[in-house]
Amino acid sequence: MKTRKLEIACPECGSRDVFYSCTPNCCYNNVCSTCGTTFEPETVTTGGYLSGVIPPDPLPDSTDPTAECAKCHSNAVYLLDDGGLVCGKCGAKLAMELTEIAPG
Ligand SMILES: [Zn+2]
Ligand SMILES: [Zn+2]
């Protein structure tokens, strides 16, 4: 099961030019570089697991949009071809919600 790097569209302007501004042991504050809006993605499990999840190549770097798996707290959350999300560590199928939205 191939995956892609996580992409998050800005909840204010829809730009995908979003970067991660913090570290996973602090918070999941992501920032839109187009309009400056900040937000935190939160994942929920949608039921079911996938096996054989292949991480994206190249792997996301530390400023790429980042979210945490609701199940195992890994930040290896990747995008599937069908637009769904999956945890690269435990394989849980996930959906994402954006919280703490602060327009820039
Ligand atoms: Zn924006
Ligand atoms: Zn997980």
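Is Cys 10 buried or exposed, and what is its relative accessible area? Cys 10 is buried, with a relative accessible area of 4%; buried means under 20%, exposed over 50% and partly exposed in between, with a 1.4 Å probe and protein chains only.

This is a predicted model, in which local features need pLDDT of at least 70 and side-chain atom pairs count only at pLDDT 80 or more, while totals for chains, interfaces and linings use all residues. Residues are numbered from 1 along each chain as its sequence is written, chains are lettered from A and ligands numbered from 1 in the order in which they are written, and side-chain values use heavy atoms, with hydrogens and water left out.

**View 1. Site of the zinc ion (ligand 1), with donors Cys 10, Cys 13, Cys 32 and Cys 35.** The SG atoms of these residues coordinate the ion at 2.2 to 2.4 Å; donors are N, O and S atoms within 2.8 Å of the metal (3.2 Å for Na, K and Ca), and water is not among the atoms, so sites may look incomplete. The four donor atoms make angles of 106 to 114 degrees and the site is tetrahedral, a term that requires all angles between four donors to lie between 85 and 135 degrees. Along the chain the donor spacing is C-x2-C-x18-C-x2-C. Cys 10, in the segment before β1 (18-20), and Cys 32, in strand β2 (residues 30-32), are 22 residues apart and link distant parts of the chain. Strands are DSSP runs (E, at least two residues), numbered from the N terminus. Cys 32 is buried, at 1% relative accessible area.

**View 2. Site of the zinc ion (ligand 2), with donors Cys 69, Cys 72, Cys 87 and Cys 90.** The SG atoms lie 2.3 to 2.4 Å from the ion. Angles among the four donor atoms run from 105 to 113 degrees, and this site is tetrahedral. The donors follow the spacing C-x2-C-x14-C-x2-C. Cys 69 is buried at 0% relative accessibility, whereas Cys 72 is partly exposed at 26%.

**View 3. The one aromatic pair of the structure.** The ring centres of Tyr 20 and Tyr 28 are 5.9 Å apart and the planes meet at 15 degrees, so the pair is stacked. Rings of Phe, Tyr and Trp (its six-membered ring) pair if their centres lie within 6.5 Å, and planes under 30 degrees apart count as stacked. Tyr 20 and Tyr 28 are both buried.

Technical notes: Tetrahedral: all angles 85-135°; square planar, octahedral: opposite > 155°, others 65-115°. Helix = DSSP H or I, 4+ residues; strand = E, 2+ residues; numbered from the N terminus. Phe/Tyr/Trp six-rings, centres within 6.5 Å; stacked < 30°, edge-to-face > 60°.
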